[in-house]
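Hi everyone, thanks for coming.

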Amino acid sequence: MKLLIDFFPIFLFFAAFKIWGIYIATAVAIAATVAQIGYLHFKHGKVEPMQWLSLGVIVLFGGATLLSQSDTFIKWKPTVLYWLMGGALLGGQLFFRKNLLKSLMGAQMDLPESAWRTMNWSWTGFFAVMGVLNLWVAYNFDTDTWVTFKLFGGMGLMFVFVLAQALYLSRYMKDTEDTKGPQA
């Protein structure tokens, strides 16, 4: 359910683009993100900082797209969001000596520091590459191709990356059978 809520604005943006074009789709994405944040706040009483950041970026870049009637701004939105997320991970590590991934997920996973560091750097690199890739598609292909890439390409690459992370992390996960001892 959480995944559906997270991708709700992207799915609506894609559908609205296919029916009405980029400007209506942009307005729909802004409205859907506001609705998403409202729902999360009402349902859980709090909204994650990255979701607030996403709302700010879509309102800023989507608003600029609608006001200027130029799709350039909305095409930059994913890149800015990727680079802000990667920059937060990088800045946390370099300037504050804090691994933000470990802060967010440390209660769910018990990993050695080297694994946390590797995860932090790999996510930082992934976000940097995704930002560049988004701009490459935006400036080298038509808007229809970019919108399709934004949904399917971005989600597909994220899925492959998360799968690779899971394979990497599997070496650190303890098997529950091994920790219980021999069966009687």
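So, which residues in the largest nonpolar core touch the most other members? Bear in mind that this is a predicted model. The ones to look for are F13, I22, I58, I74, W146 and V147, in a core of 21 residues. As for where this core comes from, α1, α2, α3, α6 and α7 each put in at least two residues. The largest share is from α2, with 6 residues.

Let's zoom in on I74. Leaving out residues up to four places away in sequence, I74 touches F13, I22, T26, I58, F61, G62, T65 and W146. There's also a second, separate core, this one of 15 residues, and Y82, L101, Y168 and L169 are among them.

The largest pocket holds about 1900 Å³. It's lined by 46 residues, and the closest to the pocket's centre are K2, D6, M50, M85 and M158. Helices α1, α2, α3, α4, α5, α6 and α7 each give at least two residues to that lining, with α7 giving the largest share, 9 residues. What sort of residues line the pocket? We've got 31 nonpolar, 9 polar and 6 charged.

Last stop, Q51, which you'll find in helix α3, running over residues 49–68. Is Q51 buried or exposed? Its relative accessible area is 14%, and the cut-off is under 20%, so Q51 counts as buried. Setting aside neighbours within four places in sequence, Q51 is in contact with K2, D6, I37 and L40.

Definitions and conventions:
Residues numbered from 1 in each chain as written. Predicted model: local features only at pLDDT ≥ 70, side-chain atom pairs only at ≥ 80, totals over all residues. Heavy atoms only, no water. Helix = DSSP H or I, 4+ residues; strand = E, 2+ residues; numbered from the N terminus. Buried < 20%, exposed > 50% of the residue type's maximum accessible area, 1.4 Å probe, protein only. Contact = heavy atoms within 4.5 Å. 1 Å grid on protein atoms, 1.4 Å probe; cavity = no way out; pocket = protein on both sides within 12 Å on 5 of 7 lines; lining within 4 Å. Points joined across faces, edges and corners; volume = space filled by probe spheres on them. Nonpolar A, V, L, I, M, F, W, Y, C, P; charged D, E, K, R; others polar. Core = buried A, V, L, I, M, F, W, Y, C linked by side-chain atoms within 4.5 Å.
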